[in-house]
Amino acid sequence: MGRILMYHNFANSRDADGDAVLVDDARAQLAYLRRHFEVVPLPVLVETSISDSRLKDRVVALTVDDGRHNFYECFYPLLKEFALPATFFVVSSFIGGEDWIWTDKILWLAEQPCRPDALDTDMIDHFFAELNEMRPAVRDCKIADLATLMQVEIPPLPPQKYAPCSWSELREMADSGLVEIGSHTVSHPILSSLGEPEALWQLTESRSQIERNVGRKVDSFCFPNGKLGDYRTIHFRQLQDAGYKRAVAARFGLVNRSSNAFDLPRIGISGRSDLISFCKDVDGAGYYQWKLEAALGARGA
Ligand SMILES: [Zn+2]
């Protein structure tokens, strides 16, 4: 079975929320993977896990979401050090400097001293779930209203922690042969909150913006948020129509012969994953525990 790892943020030192993976921890993780697994580009993993009869058992692909500069600064040097490939899913308007990612604006608001209860650590997932169901214009109004209520102004440009890579940095990484650039839409909407034409536009427009600016074909896609309910089966057909060959989600799981190439599960890694839980999830023990809990009804199957 194949494992697709999902990263988001990296840092040189511990940040306030502990979500970013520290460079030293990432180095230890890559060393473990190199010792015990074959780390391959995502397209190769999908090909060998789903359609190739010579299925390899211990294959891993690395993926990183969103397009933030901390990937270039902290993780890309490690990929070069270990000579390992990764796929970087970028939000095209974010790279183009048109806006920063709306989910990061919420996280930024949650860091402010005057945050309301809805943005407390144990409440914020509920708040995100509420916003995920709104159409983007309604959602943006809600975010603006929240900032007004908190009497803070959301900066027009993202603070350093949330800053994007530039197109030239993406080109440099793609040219190294180590990094595949994939699409993560134009503006990170939850696809199920959009009408079909809008969703298709997000798929086609992001692909053409990235291809135009990076100079390489874009085959891989990543669903924003990527949990059950954030996308629908219609989007699998739209992805094919838009020219993609595979898509990753954010639900937990391993890739096997029965996996859908447009609905690939991943294993999320954050700054909260210590090396033991990392190894447990990558080795598959975490997966079997999850399956067992589901079978026993602990997760409602
Ligand atoms: Zn994302």
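This is a predicted model: local features need pLDDT of at least 70, side-chain atom pairs count only at pLDDT 80 or more; totals for chains, interfaces and linings use all residues.
Seven residues of domain 1 are in contact with eight residues of domain 2. On the domain 1 side, the touching residues divide into three nonpolar, three polar and one charged.

Where do the domains lie along the chain? Domain 1 takes in 2-97 + 164-295. Domain 2 covers 102-157. The centres of domain 1 and domain 2, taken over C-alpha atoms, are separated by 25 Å.

Now step back to the whole protein. Count its elements and you get 12 helices and 10 strands. Its C-alpha atoms fill a box of roughly 60 × 40 × 40 Å along the principal axes. How does the radius of gyration fit a compact globule? For 301 residues, such a globule would have a value near 19 Å, and the protein has 19 Å, so the two agree. Buried residues account for 36% of the 301 residues. Take the contacts between residues at least 6 apart in sequence: 70% of them join residues at least 24 apart.

Next, look at the strands. Begin with strand β7, residues 179-183. Is β7 largely enclosed or open? Five of its five residues are buried, so β7 is largely enclosed by the rest of the structure. Both of its faces are covered. V179, I181 and S183 are buried on one side. E180 and G182 are buried on the other. Strand β7 has a partner in strand β6, residues 86-90. The two pair in the parallel sense over five bridges. Within this pairing, T87 stands opposite E180 in β7.

F221 has A247 in β9 as its bridge partner. Helix α10, residues 233-241, belongs to the picture too. Together, β8, α10 and β9 make a right-handed β-α-β unit. Strand β9 also pairs with strand β10, residues 264-268. Here two bridges join the strands, and again they run parallel. V248 stands opposite L264 in β10.

Now zoom in on single residues. D230 sits in the loop between β8 and α10. Is D230 buried or exposed? It is buried, because 20 other C-beta atoms lie within 10 Å, and 20 or more is the cut-off. Which residues does D230 touch, leaving aside neighbours within four places in sequence? Its contacts are N132, I190, L191, S192, F223, P224 and N225. Compare its position with that of A247, the bridge partner of F221. D230 and A247 are 17 residues apart in sequence, and their C-alpha atoms are 13 Å apart in space.

The last stop is W167, in helix α8, residues 167-175. W167 also counts as buried, because it has 20 C-beta neighbours inside 10 Å. Leaving aside neighbours within four places in sequence, W167 is in contact with I95, N213 and V214. How far is W167 from V214? Along the chain they are 47 residues apart, but their C-alpha atoms are separated by 6.6 Å.

Notes:
Residues are numbered from 1 along each chain as its sequence is written. Helices (H or I, at least four residues) and strands (E, at least two) are DSSP runs, numbered from the N terminus. The radius of gyration is taken over C-alpha atoms; the globule rule is 2.2 Å times the number of residues to the power 0.38. A residue is buried if 20 or more other C-beta atoms lie within 10 Å of its own, exposed if 12 or fewer, and partly exposed in between; C-beta atoms are placed from the backbone. Two residues are in contact if their C-beta atoms, placed from the backbone, lie within 7 Å. Two strands pair if DSSP finds at least two bridges between them. A crossover is right-handed if, with the strands pointing away from the viewer, the path from the first strand over the helix to the second runs clockwise. Domain bounds come from an automatic or database domain assignment. Ala, Val, Leu, Ile, Met, Phe, Trp, Tyr, Cys and Pro count as nonpolar, Asp, Glu, Lys and Arg as charged, and the others, Gly among them, as polar.
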